Structure formats: structure tokens, C-alpha cells
Amino acid sequence: MRINCPHCGTRDRREFTWSGADVALNRPAPDAGEAAWDDYVHLRENPAGASRELWYHDPCGTFALVERDTVTHLVGDAVLAEKVAR
Amino acid sequence: MARLIAKSPLAGLVPVEVGGLTLSEVETGPVTSVAPFKGKQTAVSKALKAAVGLGMPKVGRMDRKGEARALWVGRGRALVMGAALPDLEGAAQTDQTGANAVLRVEGPAVEAVLARLVPLDLRATAFPVGQTARTMVAHMMASVTRVGDAAFEVMVMRSMAQTLVHDIGGAAKAVAARDLV
Amino acid sequence: MRIEGHGLIGPGTVDFSFDGKRLQGREGDTLASALLANDVRLVGRSFKYHRPRGILTAGPEEPNALVSVGQGAGLVPNVRATQQELFAGLAARSQNRWPSLERDVMSVNDLISPFLGAGFYYKTFMWPRAFWERLYEPIIRRAAGLGALSGQTNGEPYEKAFAFCDVLVIGSGPAGLMAALTAARAGADVILADEDARMGGRMLAEVEDVDGIPSHEWVGEVLAELAALPNVRLMARTTVTGAYDQGTFGALERVALHAAPGAVSGAAPRECFWRIVAKASVLAAGALERPIAFPNNDRPGIMMAGAVRAYLNRWGVAPGKEVTVFGNNDDAHRTARDLAAAGVKVVGLIDSRDGVTSGSDYPVFTGSTVIGTAGRLGLEHITIRHNGGIRRIRTDCLAMSGGWNPTVHLTCHMNGRPVWEPEILSFVPRPGSIPGMVVAGSANGVFATHGCLADGIRAATEALAVLGVSAPQVEVPEAEERPYAISALWAVEGKGRKWLDFQNDVHVKDIRLAAQENFASVEHMKRYTTQGMATDQGKSSNVAALAVLADATGRGIPETGTTTFRPPYVPVSIAAMGAGSQGKGFAPERFTTSHGASVALGAPMIEAGLWYRPSYFPKPGETTWREACDREVAMVRSAVGVCDVSTLGKIDIQGPDAAALLDFVYANTFSSLKVGKVRYGLMLREDGYVMDDGTTARLADTHYVMTTTTAAAGLVMRHLDFVSQVLRPDLDVQIVSVTESWAQFSVAGPKARELLNTILDTPTDDAAMPYMGCGPVMVSGVAGRLFRISFSGEMAYEVAVPADYGESLYRLLVAQAEVLGGGPYGMEALNVLRIEKGFITHAEIHGRTTAFDIGMDRMVSLKKDCIGQTMSRRPGLLDDNLEQLVGLRPVAAAGQLTAGAHLFEEKAEAVRVNDQGYVTSVCHSPTLGRMIGLGFLKDGRARHGETVRLVDHLRKIETLCEVCDPVFFDPEGGRLRG
Amino acid sequence: MGYSGLRVIWEGLRGQTGWKPMWRDPTPKAEYDVIIIGGGGHGLSTAYYLAKMHGITNVAVLEKGYLGGGNVGRNTTIVRANYFLPGNSEFYSHSLKLWEGLEADLNYNVMHSQRGLINLFHSDGQRDAFVRRGNAMINQGDDAVLLDREGVRKYLPYLDFDNVRFPIYGGLLHPRGGTARHDAVAWGYARGADSRGVDLIQNCEVTGIDIENGVVKGVQTTRGAIRAKKVAMVTAGRSGQVAALAGMRLPVESHVLQAFVTEGLKPVIDHVVSFGMGHFYISQSDKGGLVFGGDIDFYPSYAARGNLPMKEHVMDAAMTLMPMIGKAKVLRSWGGIMDMSPDGSPIIDRTHVDGLFVNYGWNYGGFKAVPASGYAYAHLIATGAPHETAAGFRLDRFRTGQGIIDEEGTGSQHNLH
């Protein structure tokens, strides 16, 4: 499998650490309540198909938001996580 | 009072000739990590250029000017080697002298040898002189930079210097031995 | 039998042996061709019934001719004789037989085979229960298996490598060659890989012309053109074994397996496992011929018709003196034709089809089938049904052809399902099964040479289109456009077993039994009968087995479906895929700057993650680690000790929002820390549990340096990147690991300052550097940093210098310490010192403990948002009945404590329901003169003074302990402050 | 029909003509008391115990593919009871006891082989953690033996004691640990359930779950609507999707775990061995293949196949620990879909819908749980109350933080368990 790093281009999967679904981008406020936090920390869409997820390119220290299909493993665009609108 | 003696990361491990390759240590001189803060990239690059004649390197580039080198090492960060830096307004500056082992690997088989260890197309067509990559060398994170037609510099964490020399040496021996089959 | 003047092999002779018998082959032989040339027909025994078996094929699909090659630790079992190139001194041995191949005791299994039908073992061996492990299973295990491993560690080199290209062409037959040529002429970067030592595929095995010259000569011309191109890489002896995501392929190259060990440099890898990344690929892997299931179709001498042709035309070997041919398709006729042309006696061509004509001068039996064979260790005659009658024919070799299966395997590796093509009675690849892959030639169901050549050009054109490159005009060479007509013939009825999976001994009746028992799904059938699960993965047998199952269940073949082909295409040695990792190569070794100095002091070095750290520093006269450890602890408590702590993670954090970042990632507050001060920090995971701890110093208003534990250094660095890029990209901060930049040494003990002042350019004192202070210092002329922190409970400092000076400073510190009655201390003493002070490590913060559990819940600031704060307040994490950190000391001074023991009330039985907690860390405290420990106990903080019983079942230790505060030594902390 | 050695001989003498189908292929009825979604190991054992222990036989098991085609048919067959946290200990202990009587219970040889499992450790810290585990096992009534380095050498002389990157300090031996023939477990339970009247319906995919006023009414399938009083989901690898049919979002991520088998070899590895520093475990099947595996690929996937980096990592671990297997060749590799829960432990519970139950989150440890999971799930479905051995497997434990069972200590990162 090859993943796109927005800085380094397409690289072997062995250079990356998968870092969770895109739910991580929307951290609730401390007082958002039990349900919101349960949602954020535990519950997952876990899609069989198109997915948006975070990958860390370990050698260059970049978190990317990557489109990937969990059934076909086709990989789409990757953008810098820090630039993703929340 | 006693004076401390400096010892470089690859001291005692190189120079060596192995499998037709020459492995030697790159004397980096002072090394500083430069990472501009938000919105300061251009200003820092200018200041750096004024100081050592090199701006912040583009992604995947190593630039040189005299003894000074500026090596891209990841997201918004460069290592400036071979020149002491003044305070650059708007950047995090961190002394990294001696933090990394920088090994020069040279010889006709260098591409074939690195192909044993690096998951990257390092042939000159894809990876010309001056190109650098943050990648892996075997199990180690590394910067791999082409510095000549048959020469690369490989940089890993200082503590892994011995493993680096061992891995590259082993690959070089195996590549050389193929010719005997 | 060799036919002189025939074949493409060299004149030189090669000596080798089989089962100790010395034989001679030719340069260019495989072991299989050489054995056949020497009239060796019996080469192995089957898996289950130990039936005598001979060479069936000439390629990777070989199920029978598996041998062991080499000896001692270099022994390789289960080598396919059809792919082992002959070399001088090759010593091959047959397998799975005892005492000899001819007389194999286990062939008794064949006699009782009526009772050993498919899945018989599921229905018996159940009583008495204890007999399974003691009797039945050992017998089954010994009988099963093929070759044997030596069991010895072997140091022969193996290799892994990466390669990149625009177009990977897999297979160098007519389609592959034309595809490679087309792509190469277009300027694409091409890799052409073929599993054979010699490229050309079937063109080396057939008698035909291409562009007016013999096909093998044409192959030579094309290869010469390819070899001369700088954008082409030819990889012979390289089998592409797996197709993975985004154009990544695994491939196994046999580098030195065709050379005698010792004849070449010992450094040459035996095999190389390639990771090939291709933007597009052409699969031109050809086709594999399939047998026909007729009664007793497994005797040595019964071979695939295409293989017989290959042995004849490529290796100049006639596998028999009186050959018969049996087929259901036109291709079988070529075998008879070529044999006859070479002067080999063809005693009959049996074609199951009616009305087939042949202009030959050997007998042709159309509308006929083989219904029986005879010959104990090799074929002697066959029985055929012809014109309603039965006829016996004397023959020592029967060449059979049930048709050809396109080699679709790689197209199935990403869950692609092949499609049934009734025209050729085979499965062909489903287009698009592998992104970027185009299938060509026989692999695509195109069987004529001309068609393959044309299809190769077509496939390369499509592959080039993937790259956005247009293909050059390439002419299709002139070649035979022979027909391929086939009619279905899967199994021939008759008395005797009709074998399908030759290696696993699955026959038609087994498949029917599976259907009878309603293992009707093809997967159930496979699993129940083991059809297709042998080393050949059913390459030639699966389709016929499917057809038999389809028939037995009243379905068509397409509805019955196929089992899934999974990587690897051919078996891959573990040593190749794991090359480089033997011994220390498994993970990088990390050495501190003081490593050499510690070793010189005699310290045993132990692993701490990837690092090596000194365990203890033995002195003359000390015979156990405990003696050294006790001395080192006392030394630190009474004088001064030096310890390299460089392995702890160190992270430089700078920027306008550095303080805000730290407040967010730590449970406690760092924005309030004064410049020049250090604070202990507790880091939580988002689920509220403790992730790591350490100290962080504020060097300047916008500049901090954080320390982490050795174990979590990488994890914390990634965590900080995650926070700054994913959770809080609003923060303006830069984070850089400086773990390797600084060599850092702990100097601990009452004389710590005295020692330091011997090396600092400007002496320090309590006012300049109070407890938890920090700042820049000059260390013997070098700019360094000093931190007044302690992990021992003594007055202690950590002094850091740039790593280049680490070794020098360490040697200096140790030398100066010894002057003061101190010296170096290792991990053992460090551990004792911290337990005496109740300091925690990952033994306590093991991922299941909260700040509440370790008594630090008040550190979790509620005045700010921080990672883990919200979830740490879940009710389930704040229950008093949870296990809390306590100290433990034995009631009797000599009492033993052990880490990993569990805690119970004094009188309670030591069973799970009474479990009260467990012990995490113990040591003998030389300071207190007894063992002490840390552990977790239910509601432990409220139980100080209570007596609990420690039980270590494993070591048979029970000890009454007093529960106490985890700080055993200097609870007021007076010593820390000096 | 009963199976026995005598029967095998009798059928051998008469050409195997008397063997009856293992299970029927019934047409779905309009209504069942209980519908079990998923004909894998857990679903089949649930059906079996519903019939056997609770007398509930008007049950359908709906399987979208073939029986036992999920993880029960693609795993490394290890059976053990070596957990150390309350909640898991009692459950896996119960499961092992059921395994030990399974052949007699099912009249089917599942080849449960208690050849012993050895977990190696490579540092003092790991040893202490394994001692805690071993003591917990004995507290639970199971067995464990602490081996030092020399003790390990007696059992596993072929390890590379001298050169392995992370030295072998010792091992924890679980004598009753071992392996079983994975397919046979599914088939044995299927046959047992079928013979008690349960309808096993293959090639029947559930496409909807009918809920009215918070009460489950039945399911929609590719073979039509089927009504049911109770519906039990047990679809490892698809838990999230099936639960979504009932409007539920689960704490689950689905990841791929690869496994490998070599060509057949004469006996060389007599135990189940696991390496403590590289996610590698191995045993040798009765057929002679070395069966081994490692960690998940660490990215979510429903593809049931993995990629090279983890394959190589597993081979790397093999080569440092026991280089003598280097000459063995990997014959086949495959991937299973693991439903990873936030604490690495499973869920067997009711849901917010009356009559609808969940059983999922077995991470990569589901095979050994097959007997006890079915046993406990059947109990929950039949009585409405959790079985005492599975009371800890609550769905709400993550939200409340109460009774989290995190054996790995890696916290709520599903892929790190």
C-alpha cells in the first residue's frame, strides 16, 4: 500500500502510522457532555467504503488527512491535517 | 580544569571500504534546526539568506553555499549545517550539532546498495543531485540526500550510527557478491 | 533418456546425486530434466497415502517431485525438482518416506485408505479424550508433513530490495516479450521478470517458427534488443509472488540457489525478496496445463503433455521409450507430433473427442479414454476404452492434457474473482481486478502464439495509456495461429481412484463425499477434503475438482465458483521475506555516548527499548549483581553517583504558544512555571488514563524542554505533533526532538554539588540553582545545561552537554566521583533508589492507571482544557474500590516480595474473587535493610497500616505485608533540597 | 448420525455411502423465536447452546456466505485461558473448560490439542507483567508455570538464544493452552445445532432490521422478510454495518489481521510459542504446516487481505527469534477482519432496542472464545440476563468508564489492542 504525504509525495505504507478516523479533527469542548465525548473517543462510523482518516508520515513528522477506501484500499487525495477546516 | 574532548558520531566506525563502496563521515560543523513560526517563513528565509547565503530549502532539497548547507528535514524545518547562526527573528532555533550521524556513501554500486534498504526510487532520473528525502533506511528513520553521481549522504540519529554502518556494509557486501555467482 | 542433438542445453556435464546415487546431467538442466534423462521416474511419495509419485510437470505447479536439497543447517526441504537448476555437487534427497523411497513403510496407509476418506479424522480419535495428545496426534503429526527442517540456526545470507518502474511485465513468453518490447520502445521504464532462469516461456518448449526463425532464436533476438536498452531491467529467476495495493508487487529472486554453496562467495544471497513498485503492469504469466482424473492416473510416468514436450524440446529428454498421449484438446496432439518427429515411439494417441483427425503414422484412438493404469513404482501399461471395447497398451509414459488454465493467480490477490470462459473451459481474469494491471496472452485465455504476440502489444498499449504514454507502432511477428479446440472431460469413470490433488491425495470420490455430506460450498469442499491446499495450491487440480463438485451438486461450474487464490503464487522462504533481521538485525541498536565507557567498566549492558544501558558496575570481589547494586545504592545515599540518563526523551518546544501547548498536553499547568524552573508533569491519554510522565523546564518565556520516559519518547513526540497539527493547529509552536542532541547525566547524592563544582566553569550553589531550578552552565569549557532534579530522592542534578562531548564528560564525572567516594551506578541501583522514594515508572503507569489511582488526581487541573481531563472524570474512573498505589513492606524483616504477586486479605483464599490487588515493583532496599515494594490495592490509600497477604503462586511465595505510604525513604524530601 | 471409529470402519467397508449431510439446507420459515445474524463460530455455538441449554430450537442462523466462512475459518487456531483482568479471566477459563469437553459434547473431533503455550518475555519488566498474569490465571483456577531462560531452552531448544535482538529472559507456560482445528469447530457446532432443529440458512444476507416502537420485530433478507421475537447480531468483521441497520453506532473499528502457513514439514515446533518483542506467534498444525501470525496491519480494512510491511515484520520476528525456520516456505497468507473494541475486550449485551442483542468486539481473540461466547450469548438471549462469566462485557462500559477491561493497556485507540 502507498499513501500520499502532502510534503513528500507517494510513499510506501511502511513510512506511515495510521492515526485514526477524521473524527479526531473535531474534539468536543470540555463541557460538551458525556454523549459527545463518548462519540469522540469511542464510537466510530467505521465505514466499509470511502473513508477519511489521519496518517502520520513518521520521517517528516506530518499528519495528513487521507481519503481511502476500506474495501478496495484505493487511496485518494491527502491534505495537511493542520489546513483542514474544522 | 579538565577540558572535554569532542567525539563525532561516526568516530571509530568509518572510514571503511566495503563491497566497492567508501563509507566516510561528513563533518557537519555546527548544526542548527531552523523552524519558522506561523507566517514567518519568508522573513526567516530572508534572514537566513543574509546570514549564510542560503534561504530555507524547498521541500526535498539540500542547498549549499560554500561550507554552509541547508537541508530540508521535514514539515517546515531545515537543518543548517556548517555555519553558526545568529538569532533569526521568528524561528525556533535548536542546536543539533552532533545529534545525527551523517554518512557519505560513495561508489559505483551505491544506488544498488541503497535499493536494499530504502523504500524509494533513488535512481538519478527520479532523484537527482541536491534531492533529499525523509524516509527509512532499513528500520531507521533517515534523511537520504544525493550529493553526486555515485554519492549519497545518509543521516540517522546519532545513537544508530553503528547500525547504519552495519546495514549499509552488509548490503554492499551482498551486492558485490552477486557478481561472483 | 537423453536424445542427443535435441534440446537447447549445453554440452557440458554436471555431476549430481539423488538419494545418494551419483548421476550426471547437462548444463542447463533442471533437477527434474536430469532425473528424467537418467530414467529416474520415482521421485517422491504423496502426503497422505504415501503413493509412489514421479515428475508430473516442468514448472512451478509441480505437486509430486519435491525433494530436499543441501545438508546440515543449509538443508532446504520441499524444493520443486522442476525449478531447481542443476549444479555440480547438487545432492537431492527424496522426502516423506522411510526407510527408502522404494520401500516406504508408511505406504501401508494406502492399503487402509478406504477407511481414511476425506475428513475421516473428524469422526474418530475422540475416545478416550486423553489419547488425542498422547497417542493419536503424535502419530498423525509424524506421518504428516513432507520434508524436514534441519532445526539448526543457519547464517546463510538472504536479501530484500526495492525496485521501481513504469511498467512491470510478468512473464517472458510471447505476450510478455512483446509487451516489454512495446513499452520499452515507448521509452517507459520497464522491468521484465520471469521465474525461469532462461527467458522465453513456452517458446523454449515448442517447435515452431516466429518471423521465420525458430521461436527460441527469435526470443534471443528480442532479449538482446531489450538488454541493450537503458530503460529495461531484465530479472530472470524472479517469480512475482504477490500483488498488493497501489502497484506494489512482491517478487522472489533465486540468486544463488543454482550455484553450489562454497563455489561462490559466501556473501552472495541465496534469495532476494523484491518489493517492486510499478505504475502499471502486464501479467503475461501464461497458462498451466491440467490433468485428467482417470483411474490410477498418478503413477510415475504419467505426466502433463506440455511438460513432456518441454522436456523433449528444451532439455532433449524423452521421458519414456513407448509413450502414449491422452487428451481432450488439440494441444495434446503437438506432444505426439513432436515426440514422433524426435524419433520417440508413440504407441497411441487417445483423444476423448470424436471425429478428430490426425495425419500421423502412430495409432490414434478418438472418442476414447484411459480407464486404468498399472505398474507398481512406475507406469507399465494403460487400459483404454475404445469403440466400446477395452484395450491394454504397453507404455512407460503417458502424456495427458485436460486443457490449459490461464495463470490468473495474481489477478485474484486483491479479491478479484475470475470469470468462466466456456470456449476454453477455463477461468480467465476479470478485467480490472488489479488496478493498473493488464493481462495478456495465455494468462488471458489466448492460446495461439500469434494471438499471444498480438495480445502482448495490445496489453502494453493499454498499460502505457495508464501512464499517459502513447505506444509506438509495433508489428506483430508472423507466427502460428493454431486452433485450440477442447471438449469437457474432467473425470473418467472406472475402477480405481481418480486423483485430483496429487500431493494431498484427494480423489474424485472425496469430492463426491464432501457433496454427499453437504459440504457443497466450494470453500467447504476445499477445507473438508484439503483439495488445493498442498504446496502447489491446487494450481493444476482446482478446476477439475470444481467441475467434479459442480457435477455432484447439480450446479454449473460458474455457479459453483472458485476458491480464492492468495499470495504467494509460489511458496516464499521465511528467510527471504525476513532477510536482514536474523540476530540483531531485527531492530536498530541505540547506543549512548557513554556506552564504551560503561563496557570498559565491566557493566553488563541490558536492553531498554532499542537502547542499551548499564545494569550495574561490578567491583572486584563482588560475585552477584545484588552486591554491586547494594553498594551503588549506598554510594548514592552517602556520597555521589553518576548515571547516563540520555535515553530519556527530550523535546524542545518553542513559540508564542509553547506554554499553551504544554497546558493542553499536560494534566497540570506549565504556563505558570517560572523561567529557570522545572516542574513534574503528568500526561494523560484522551481516555483519561496516564500516558507518560516527566519533567519540563522553562528555559525562556517561549522556550521549554520536556523530558519523557525512555519507553515513551517516540510516542510522546508523535503525540505532540498530533496535538499541534490535528487538535490545536491554532497554536503557534515548533516542536523538535533533542533526545540525541544532548548527552545528559544524573549526578546524585549528598556530594553531588561538590562533584559538579569540579567540572563546572562557574561553581553552582543552592541559591543559584535551588531544587527544581535549571539554567545554562559552562561545563569544562562547553556550553551545557543544568537541571536540579532528582529521581533518587537525593540532592541531584542532571547535567547536559552536546552529544559530541558526552563520552568525555561521563568519563570525567566518573573519575571525579570516585575521588569523592562515589562512582557510576546502573539501572538496578536506579530502580532501587526510585522505589525507596515511591517514584513511579511504566511498571506503575502501565496504561491502565489513572491519576486518581496513583494519587495524583489533584494534579489534573480543572481550570483549563487538557487532554484526558473530561474522560478522567468518568464515574467509573473515580471509584474508591479501584486499586490505588500503595507501598508494601513485609511484616517479617526477612519476608520476600515479588513483582507480579497478587494481594489478598490475610485470611482469604487466594482466588480471583478475593483478589485485592497486585505488586508492580519490588527491591531489596539496602537503605532500609529489607524488601520493599509498590503495588496497587483496592481502596489502598485508606488502608495504610493494614496487613495483607502477598501470594505468588508461580514462585510459591506467600508473605504478610504491611500496607504503607509508597514513599519509604525521606518522606519529607529534606535530602532532595540538600 | 453418531460418529465413531467403528462407524468410520463400517463406512470404509461399504464405500462411504452411508454418511448423511452434516446439515440441512432449509427454506427460511416466516417466523422464528430467535434469529441469529451470522453463521460463524460464535453464531453457530450460540444456536447450539440455545437449543441444548435452553430448549429453544425455533431458531434460524442467517449467513450471508457459507457457514464458518468468517474469522473462525481464517485464524491461527490458538486456544488459551491466559487473561489476567477480571471480566476476561472467568470468561476464558469457562471457554477452555468447554473446549475440553467439546469433542464429547459435539461428537465431532475438533482436534483440540493442549500442547502448551509459551509466552516469551525479554526484560525484567515483561517478566513482572507475565508473573502478574500467571498468578491471575492460577487465581482463576487455570494453570501457569514460570520458566526461566534455561527452562525455556528445555522446551524450545531451537530458539536463537545467543543472537536474538531482545534476549530471552524466560517464558510463561500455559500447559492447557494449545490449538484446535478451526473449521471443525464451526462444523461441529453447525451439525449439533442442525440436529436439534435449528435452521442454518446460507447465502442469506440480512439487509434490514425491523424495529417498531423500540421493539425488534424481525429482519429483511435477500431471501425475504423473516419475523422474529428476538434478533441476535454476531457478525464479526461486519458488526458496525449490521448494527447500523438498527440505527446503532458502535464503539468499533474493523482492522485486518494477517496470518500465514508454510508448506507441510515434519514435526519441529511442538508448542504454541509467542515472541514478546515483535508480535509473532507460531504453532505447527497436525498437517505439518507452520501456522503463524503477528499484529494487525494497523489500518481499517474490510478487504480480508493485508500488505507487505506487516508480512515482512512477522517474518523479521521469526528470523530473529527462531532462524531455523528460515528455510520453511510460506505457502499461503490471508487476512481476517477484526472488530477492534476500545479496550480490546468484547461486548455481549442487550441494546437500546427490546429483543435485539449484540455480540462483537473480539479483536483478534475470537476463536478461543467460540464455546463460551455462544454459551453466554445463548444465556443472555434466553433469560434476558447476562451469564455470570460474561457479565463484564457491557456495551456501556466505555461511556461510564466502569469495568474497562484493557489487557494491553493501550487505551481507547481501537487499533492498538
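In this tour, Ala, Val, Leu, Ile, Met, Phe, Trp, Tyr, Cys and Pro count as nonpolar, Asp, Glu, Lys and Arg as charged, and the others, Gly among them, as polar. Keep in mind that you're looking at a predicted model.

**Stop 1: the empty spaces**

Rolling a probe the size of a water molecule over the atoms shows where empty space is left. Across the whole structure, a search turns up 13 cavities of 30 Å³ or more. Let's visit the largest cavity, which holds about 200 Å³ of space. To get there, select C:Asn542, C:Val543, C:Leu546, C:Thr562 and C:Phe565: of the 21 lining residues, these are the closest to the centre.

Which of them supplies the largest share? That's H11(C), with four residues. Colour the lining by class and you'll get 11 nonpolar, eight polar and two charged residues.

**Stop 2: where chain D meets chain C**

Next, show chains C and D together. Here 127 residues of chain D are in contact with 121 residues of chain C. The two chains bury about 9900 Å² between them, and 54% of that is on carbon and sulfur atoms.

How many salt bridges cross this interface? The rule finds 10. For one to zoom in on, pick C:Glu156 and D:Lys327, whose closest N and O atoms are 2.3 Å apart.

Methods
Residues are numbered from 1 along each chain as its sequence is written. Chains are lettered from A and ligands numbered from 1 in the order in which they are written. This is a predicted model: local features need pLDDT of at least 70, side-chain atom pairs count only at pLDDT 80 or more; totals for chains, interfaces and linings use all residues. Side-chain values use heavy atoms; hydrogens and water are left out. On a 1 Å grid over the protein atoms alone, a cavity is a set of points where a 1.4 Å probe fits but cannot get out, and a pocket is an open set with protein on both sides within 12 Å along at least five of seven lines; lining residues have an atom within 4 Å of a point. Grid points are joined across faces, edges and corners, and a volume is the space filled by probe spheres set on the points. Helices (H or I, at least four residues) and strands (E, at least two) are DSSP runs, numbered from the N terminus. Contact means heavy atoms within 4.5 Å. Buried area is the accessible area (1.4 Å probe) that two parts lose on being put together, summed over both. A salt bridge is a side-chain nitrogen of Lys or Arg within 4 Å of a carboxyl oxygen of Asp or Glu.
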